[in-house]
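Hi everyone, thanks for making time. Let me put the model up on the screen, and then I'll walk you through a few of its contacts.

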Amino acid sequence: MDQEDDDSEEEESEDSEEDDDDDESGSEGEEEDRQRGRGGTHTSQTRQGPRGDPTIIPWAREIGVDPQKMHVMQTSLFRMPEEERALKALNQPQSRRKLLLTSSLNRKHSRDSEGDGLRADSRQRASFAHDVEPELYRPSRKYARVESSASAFVGRENAYIDAGLALGRSFRVGWGPGGTLVHLGELCGPSSSLKSSANASTLKLTTIPLISGASTEASAQASRLLNHHLSNTVIEEDADGVPFANPSRTLSFASFVSQFPATDQSFEPTLFRLGHALFDDIDFHLDNIPDVSMRPRIADIRRKAELSKWLKTAVSPAMEADLRKNLDAKWDSTVFTLLSAYQIDRACEAAVDNGNVKLASLISQCPGDTPFRADLQDQLEIWRQQRIDVHISENTRKIYALLAGIVDTLQGSGGNGAEQCADVDLARGLDWKRAFGLQLWYGMPMDASIAEVFKAYDDLWQDDLASVTAPFPWYAERPAPEQPASKWTLPSTAQSPDALYALIKLFADPACNLSAILSSFSFSASPADYRLPWHLYIILSRSLRIRDLADRDLSVRHGEEIEDDEVEGHSPSADLLANSYASQLEQLGMIQEAVFVLLHLEGSAGRARTIKELLTRSAAKLDDWMTRGLVGSLKLPMAWINESKAIYALDGGNLYEAYELYLAAGLYDAAHDIAVAELAPDAVVRQDLILLKELFDVFEGRPVRGWNERGKVFLDYTHAVTRLPQLREHLTQGDGTLDPEEAVELDQLSRSIPKLISVLPDVLPDRSNVRHSAALTEMTNKLVYHLDRTRPLAIPQAQIRTPFFGDATRMRNIHSAMYEKFLRTVEVA
């Protein structure tokens, strides 16, 4: 009985839904409440409407039909209540409403340019007495990125009057070859004030200098080093057949030092002399030492002596400059300046000349042993305690401090007023090399290693409280009038340590790699000058095998012997160095030198591709003299030269020259493409069958892409239009018959020419090219003309459909077809 009541309630709810749609929301709420209250119910109870009038008796029960079965029949044959409501809603007229748009976007990450972010939003008002003012209607932006094929400007990419339109999809500010920067507007820094808008249609090519000095001087310096490098390098093919430059083990710092005059005290030879003192294999005559265990120690001492000898020469110009600047200085200032450069003999002479014989005798014992230093330290301490140091000049105290081994700060006795004696910083006012020399010559014991000396100086200058000069680069140490004119404005954060300091650090710290010292700012004021860093990398990593870059598998190879045939890990930093230096040489116009640098790239594929790209960019400069140098000295394949010249000729519109150069380079696919698309149509239009045959004879028997479908078609055409008149002449001159071989040949031509005509449109498919259309028409008419004169029914029988038939040809084909049909009718009759 309960089940029947439920069924009746269900039918009553359905009837009430059909009668009154206004109670929809209330009925659905009651339905959800009933479902939550009953839990699991029968499927027929899942869709229940509002309870109807209890006095209404369902008519299904009156006629004796099962209410559940009636419900199934109703849902199968008639619309569901949900469908009925949806149809009624669609048919009702929509009221016109104003769209209220807010400035905020209702969808997260919406894009206003696509119109997704604008939504109708609820508005709030302070009270019912205030009306809500609708916001102004703001239409959504209709800009959207479309595919190139759907763009309204497709085919107008050459409209360079509007650079934004022509290059909008591909243009970006970026570097080009030889330091060329392509950009819109003016180049400026982040804090610069703009003088013109960048929203312009004018493309600008600006050549950014990659060097800091004059180009002529840079070219001479690079040429000198690279010529010496080339003379000590073996160029041979690698396993992939690509030329590769392999530096010889004889390429050392000493070999580069020999390229400079002995009196040249500039930065570049000084750098190579330091490398020679630290890293070259110098004969220290260790074989004469019987105790083998002492040989490494003696080698370290003699290596330190080589460093001291180099440093004494390197600081001489700065010392002489200080002496010239202070010609009226007192004797003690002169003596200290001489001692700062370890000029012991001259310091003794200066002391004797001023009557300080006892001090000169002390200076002559410099650097002295441990008791000698201890005695002088005791003497300085007695002066401080007894306040005698206040009566001694500051430079004299500095001299005694150096002799006592004190190189940082000499403490004074203090005091006030006239009796005040302040502390003295011995390295104040000295450049970093002389500050380092104070540690090497005076501060550390004679048996201290180079690493210990370097650490002592490194700790001092990194201490913010110390007055020791930091290792600024050589170009930053010079006064402003003496600095070379630099076109780069260096930021304060671009201050890298001097390359000389970095080289000493590389020797002192076994964990240091080349990546930590080969910063361009350490060698030059230009951030793009990688000339000297690249040479140092070649010497230290490729030749001497001392240290390597950090991103190579074998990062530290100190003292290891590596076989020539051992496979080493690849270093992207090494290739980046070579590419950077080659770009610098390319900007200077030194193409052969740039190619030589690129021959050191480690990957075969990347090496070949990069050199070919350089040759292509420089094809206009590849004269006979340069070609002989590239092929003879650098062992480049002649095919690479011809390919670059072919690309240049093709860009200049010299099609036949490009065709010949591609053939000479062995690039038959490229030559075949030019012959088919550019040269063959002109030869056909001019009816030059000899030239047409010569163009494609060279491809016979060679692996050419698309040869049978493209190039061979032109050879078949020349053969057909040449052979058909000859066969027709034999027919007319004789008895109307041909010998068996010629008859077979004529049959083959009769069958092949219709096929040839049908494939011609695929050989020259560019309908926008007038030359292609003219050549197709000429070839089609020629073939039809000669075949009609020999076999009039061949073309109609083939049923060829081509738009390149002329009106006369079409009429002749119709006549021939009708005539053939008439003959067959007569034969049948």
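This is a predicted model: local features need pLDDT of at least 70, side-chain atom pairs count only at pLDDT 80 or more; totals for chains, interfaces and linings use all residues.

Residues are numbered from 1 along each chain as its sequence is written, and side-chain values use heavy atoms, with hydrogens and water left out.

First, the cores. A nonpolar core here is a set of buried Ala, Val, Leu, Ile, Met, Phe, Trp, Tyr and Cys residues joined through side-chain atoms within 4.5 Å. Buried means under 20% relative accessible area, exposed means over 50%, and partly exposed is in between, using a 1.4 Å probe and protein chains only. The largest core has 129 residues, and Ile363, Tyr442 and Leu636 have the most contacts inside it. Its largest share, eight residues, comes from helix H20, residues 499-508. Helices are DSSP runs of H or I with at least four residues, strands are E runs of at least two, and both are numbered from the N terminus. A second, separate core of 45 residues includes Tyr662, Leu738, Ile753 and Val784.

Now the helix pair. The axes of H13 (residues 344-353) and H14 (residues 357-364) come within 8 Å and cross at roughly 170°; axes are lines fitted to C-alpha atoms over the stretch in contact, and angles run from 0 to 180 degrees between N-to-C directions. That makes H13 roughly antiparallel to H14, a label for angles over 145 degrees.

On to charges: how many salt bridges does the structure hold? There are 23, each being a side-chain nitrogen of Lys or Arg within 4 Å of a carboxyl oxygen of Asp or Glu. In one of them, the side chains of arginine 607 and aspartate 238 meet at 3.0 Å, N to O. This pair links distant parts of the chain, 369 residues apart, with arginine 607 in helix H24 and aspartate 238 in the loop between strands S4 and S5. Arginine 607 is buried at 1% relative accessible area, while aspartate 238 is partly exposed at 22%. Serine 604, also in H24, touches Asp238 too.

Methods: Contact means heavy atoms within 4.5 Å. Angles under 35 degrees count as roughly parallel, over 145 as roughly antiparallel, 65 to 115 as roughly perpendicular and the rest as oblique. Lists of a residue's contacts leave out its neighbours within four places in sequence.
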